[in-house]
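Good morning, and thank you for coming.

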Amino acid sequence: MSHPTTQAGPGTTPGACLVIGAGIGVGGAIARAFAARGHAVCLTRRPRNLDQVEALADEIRAEGGRAHAYGVDARSEDEMVALFDRIEAEVGPLEVVVFNIGANVRFDIRDTTARVFTKVWEMACFAGFLAGREAARVMVPRGRGTILFTGATASIRGREGFAAFAAAKHGLRAVAQSMARELGPRGIHVAHVVVDGAIDGAFTRSTREDVQTLLDQDLILKPEDIAANYVWLHTQPKSAWTHELDLRPWSETW
């Protein structure tokens, strides 16, 4: 049985794109990139950060795009189920779902409490499972869709001080692999993106004074360049789908 491609056909309006973890950095760039293609982008962050995601939605609308903001705890099963149902009912069929929550924290192993470890796992792994499951629930009956997970260096290598983060990101990668094998034959493209290196954003700018120099020399990942690869993954033909893609500056050691 053949399935339609994940791309909208000629003359059709692209479906909705949900970005879970849409901040001012990578998540925001991904949302803008898909909005530029005509997708109605749905943006989420935790309820306490709703004002930030609403501001991002306002900016995208001012640029001519369609955007909707939601305050959601991605670790809550009830809230995630309700989010997907609401988008499908009020915005349109979800064509792309991007899970982009980070939870990058550093704790020496002796200082890593059970609460810290559990919270990081809930944010970076369990929430990704919920997002992937709900995306599959709405996409499989249609036989098409793209589910993208943002990974990190910690997805494939655990470093000192990052036991909780690496465990969560390793787990998210395993979820993505299992989903790809299960959902690929059903017409759903599942991909995992390993973002390896420093990214231009609020965190990097707060810890380094040479960011502009790094940007000028392409020594640091630019959110808009990362986002372009997410769009590329979505538009890949079914005969040559990528499951895992690693992105790093040309000078990064690995």
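The crossing of H4 and H5 is right-handed; a crossing is left-handed if the near helix is turned anticlockwise from the far one by less than a right angle, and right-handed if clockwise. This is a predicted model, in which local features need pLDDT of at least 70 and side-chain atom pairs count only at pLDDT 80 or more, while totals for chains, interfaces and linings use all residues. Residues are numbered from 1 along each chain as its sequence is written, and side-chain values use heavy atoms, with hydrogens and water left out.

Helices here are DSSP runs of H or I with at least four residues, and strands are runs of E with at least two, numbered from the N terminus. H4 and helix H5, residues 163–183, pack at an angle of about 15°, their axes being 7 Å apart. H4 is therefore roughly parallel to H5, the term for angles under 35 degrees. The axes are lines fitted to C-alpha atoms, for helices over the stretch in contact, and angles run from 0 to 180 degrees between N-to-C directions.

Which residues make this contact? Among them are Phe117, Trp121 and Gly128 of H4, and Ala164, Leu172 and Met179 of H5, where contact means heavy atoms within 4.5 Å. By class, the residues of the contact of H4 with H5 are 16 nonpolar, three polar and one charged. Ala, Val, Leu, Ile, Met, Phe, Trp, Tyr, Cys and Pro count as nonpolar, Asp, Glu, Lys and Arg as charged, and the others, Gly among them, as polar.

Let me turn to Thr112, in the loop between strand E4 (94–99) and helix H4 (114–139). Is Thr112 buried or exposed? Its relative accessible area is 18%, so Thr112 is buried, that is, under 20% with a 1.4 Å probe and protein chains only. A polar atom of the Thr112 side chain lies 2.9 Å from the backbone oxygen of Asp108. Leaving aside residues up to four places away in sequence, Thr112 touches Phe107, Phe117 and Ala164.

Within helix H4 itself we find Glu134, which counts as buried because its relative accessibility is 3%. Glu134 touches Met80, Val81 and Phe84, again not counting residues up to four places away in sequence. Between Glu134 and Ala82 the C-alpha to C-alpha distance is 9.8 Å, although they are 52 residues apart in sequence.

Terms used:
Buried < 20%, exposed > 50% of the residue type's maximum accessible area, 1.4 Å probe, protein only. Polar contact = N/O pair within 3.5 Å; in protein donor to acceptor, adjacent residues only side chain to side chain. Parallel < 35°, antiparallel > 145°, perpendicular 65-115°, else oblique.
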